[in-house]
Amino acid sequence: MSPVKWSAKALNAARLAVVIILASQLLGAGWVQEPVQPRIDEEFAKQEKIYRRQGARSYTANRGLSNYAEVLPTGFCDALGRLGSSNRWLDIGAGEGQALLDYYAAQDDAAPEKCGGSGPKARAVAISIEDRRTEKWKQQTASLGDRLGYLSGKRLRQYSLDELGKFQLITDVYGGFTYTENLSRFLEHVLSLLEIGGAFYTVLPSVHLEDGTDKLGSWYKTEMVDAASRPLKVCSWLRQTTCTKITCESKPNWDEPTQLIKIDKVCSGVAVPRTNVVEYTAGSPPSRRFQLER
Ligand SMILES: C[S@@+](CC[C@H](N)C(=O)[O-])C[C@H]1O[C@@H](n2cnc3c(N)ncnc32)[C@H](O)[C@@H]1O
């Protein structure tokens, strides 16, 4: 029997059909849509160990209120000073809670802490994954009763609104915003805990600055792309969040390009455009790459 003879045109059509069938099978198997990084779970496990490290190998977890004043956006100290005794401040990723101790110490101090003033103090809550309360914390907070609380053992997302209540001021200094693998869910949760008219003050190191002033050769720990894989700046993503006013201050001359971020909640219909993590490498802080969902 003579072999079947294919014309060049028919051969090309057959090849194309094979490619289309293979591609659709790969897509159907979910290959192309999965996070790009293999073994991302191993990185999450490594990150857990980083949270639990103590002593010299631990990350910095004892920044005081004057450090917060340096790394948070302009206006943070005034906003803290405007809080009254019935208002509430939440510090996410509080570590040892030194900033809150300084805030409360200012009320009996001869030389009051410049940040937050010496007027009446708001109620405050510190949240940390691991319990980093020190002896100093225990001594200084003994007389404050339930005006100053410390919650640990869970991540922010694991607390309901009923458990935490609402806050007029929320801060995050190199805490959950810098460490989470789910940036949009984290922010959505923060904003659900914020009263309308309240503000979230945070800081993000090693990031592409909104005004493009980052120095050549900078390296980045938080990167973002849009659904079509084009580079996207974190502040551009934030500006797509409804019911918020976003203020971004750029610090190109710090050790790493750093974005200081203030988010005012202006109405109740907050919707944060979803992000998916596509790369995550454990560290303090971790390296993360996010992609916007379609
Ligand atoms: C580098 S320490 C910073 C501590 C403190 N803000 C300071 O500047 O000294 C990071 C803190 O963020 C906390 N953290 C990270 N991700 C968190 C999350 N999703 N929810 C709550 N706390 C988180 C850690 O447990 C730790 O307390």
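1. A search of the whole structure turns up ten aromatic pairs, counting Phe, Tyr and Trp rings (the six-membered ring for Trp) with centres within 6.5 Å; planes under 30 degrees apart are stacked, over 60 edge-to-face and the rest tilted. Y103 and Y104 make an edge-to-face pair, because their planes meet at 75° with the ring centres 5.3 Å apart. Both Y103 and Y104 are buried, that is, under 20% relative accessible area with a 1.4 Å probe and protein chains only.

2. A word on the source: this is a predicted model, where local features need pLDDT of at least 70 and side-chain atom pairs pLDDT 80 or more, while totals for chains, interfaces and linings use all residues. Residues are numbered from 1 along each chain as its sequence is written, and side-chain values use heavy atoms, leaving out hydrogens and water.

3. F177 and F186 have ring centres 6.3 Å apart and planes at 45°, so this pair is tilted. F177 is buried at 0% relative accessible area, and F186 is buried at 8%.

4. Ring pairs also join F76, W89, Y103, Y104 and Y201 into a cluster.

5. Two charges sit over rings (NZ of Lys or CZ of Arg within 6 Å of the ring centre and within 35 degrees of the ring normal). R88 lies over the face of F167, 4.2 Å from the ring centre, and K154 lies over the face of Y159 at 4.5 Å.

6. Overall, 44% of the protein's 294 residues count as buried.

Key
Buried < 20%, exposed > 50% of the residue type's maximum accessible area, 1.4 Å probe, protein only.
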